[in-house]
Amino acid sequence: MIYQPADYQVSINRISYQTTLYDGTPITASGIVYLPSQLTETKKAYPLLSFQHPTAYSNAEAPSGTNFASPSFSYPLYFATHGYIVACPDYIGYGITDKIPHDYEYRQSLANATVDMLLATKEFLAQKSLTWAGKVFLAGYSEGGYATLSAQKLLENTYSTEFQLAGSSCGAGPYAMPAFFDYLTKKQTSGGVANYLYIWEVLSYDRIYALNKPISYYFKSPYAEQITQSIDNARSITASFDQLCTDQFKADVLNPSSSFRKALNDNDLTNWSTQTPTQLIHSQQDEIIPFLTSLQTYTAMKQQGSSKLSLVALATGFHVPTEVIFMRRSLNWFEQLKNK
């Protein structure tokens, strides 16, 4: 499929690549690569941008699920029409892996799927004899923000010779995972779809870390029965998340030796430093992912020597609408970094 917005032509390519499940099992995953070209210039070398999508509630919302036969606005297309080759991993659980449960907010799976997609994109560009600028940018919001920082850590620790990271923009992700759940099990939350997300993460960790607890271990009656019947029922639970949780689960969240707290610690992204220009963008009014996750991550990573890390604290804006501001600010910042 080819779009032709303004003076750009953008080809959209579905690729498959090898990555691994959380237990190390090899699997073929999928993603989309957007290739821009300016009609007024030929053979221009564009930088590569890895775009990590936010929470997808169905396969149709993942990059590969887009109906490309009906051209419409998307954030990857937004970046591509500003001169970026855009790689979009579906993540495990979407695209050609949609029969497998998605490992929701699981650091290792998101990082592997993203980095392996970047490696595959690099190979794809070589196969097509396309020259690119060599610089790599990372961007993602919500779960995509968490995936972005997870992938950035893996890239810096393991693939620093493969990729030249030029900038990373992370929006409203739960990077400080233990602090995130401390908040969820103590404070008033918005209910509804937020409960769906938090419950999804709890049950994902229970599966991934083989905790093998019944739903009634985590959640009180009648909520446990509703969730057991279908996790979709969580959308209609309007009570604050802390009111759903059993006392034992709340104690586990705070107990350093509990299996669930260890799972939270394993998914924490505060205990490292980066020298990549990185910005954390988050609204202080966010009702789904509290601002404290970005604030604590910024504070901890600064203390560990992340000299090029910045925190963009937006005074207002709920979670979903702020995504638009995040994309615009990310592009403006990447444009500044692109020529450095």
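Two cavities of 30 Å³ or more are counted in this structure, which is a predicted model. Empty space of this kind is found by rolling a probe the size of a water molecule over the atoms. The largest cavity has a volume of about 50 Å³.

What lines the largest cavity? Its lining consists of Tyr104, Glu105, Ser142, Phe180, Leu197, Tyr198, Glu201, Ile288 and Ile289. Helix α5, residues 193–208, gives the largest share, three residues. Sorted by class, the lining has six nonpolar residues, one polar residue and two charged ones.

Now turn to the largest pocket. About 570 Å³ of space lies in it. Its lining is made by 24 residues. Nearest the centre of the pocket are His53, Pro54, Thr55, Glu61 and Glu323. The largest share comes from α12, with three residues. By class, the pocket lining splits into 15 nonpolar, six polar and three charged residues.

Next come the helices. A packed pair is described by two values, the angle between the axes and the distance between them.

Take helix α4, residues 177–184, with α5. Their axes come within 12 Å and cross at roughly 125°. Angles from 65 to 115 degrees count as roughly perpendicular, and those over 145 as roughly antiparallel. On the α4 side, Met177, Phe180, Phe181 and Leu184 make the contact. They meet Tyr198, Glu201, Val202 and Tyr205 of α5. Seven residues of this contact are nonpolar, none is polar and one is charged. Some names return here: Phe180, Tyr198 and Glu201 also line the largest cavity.

The second pair is α2, residues 107–127, and α3, residues 143–158. How are these two helices placed? They pack at an angle of about 70°, and their axes lie 8 Å apart. The two are therefore roughly perpendicular to each other. Their crossing is right-handed. From α2, the contact uses Arg107, Leu110, Ala111, Asn112, Thr114, Val115 and Leu118. From α3 come Glu143, Tyr146, Ala147, Ser150, Ala151, Leu154 and Leu155. By class, the contact of α2 with α3 has nine nonpolar, three polar and two charged residues.

Technical notes
Residues numbered from 1 in each chain as written. Predicted model: local features only at pLDDT ≥ 70, side-chain atom pairs only at ≥ 80, totals over all residues. Heavy atoms only, no water. 1 Å grid on protein atoms, 1.4 Å probe; cavity = no way out; pocket = protein on both sides within 12 Å on 5 of 7 lines; lining within 4 Å. Points joined across faces, edges and corners; volume = space filled by probe spheres on them. Helix = DSSP H or I, 4+ residues; strand = E, 2+ residues; numbered from the N terminus. Nonpolar A, V, L, I, M, F, W, Y, C, P; charged D, E, K, R; others polar. Axes fitted to C-alpha atoms, helices over the stretch in contact; angles between N-to-C directions. Parallel < 35°, antiparallel > 145°, perpendicular 65-115°, else oblique. Left-handed = near helix turned anticlockwise from the far one by under 90°. Contact = heavy atoms within 4.5 Å.
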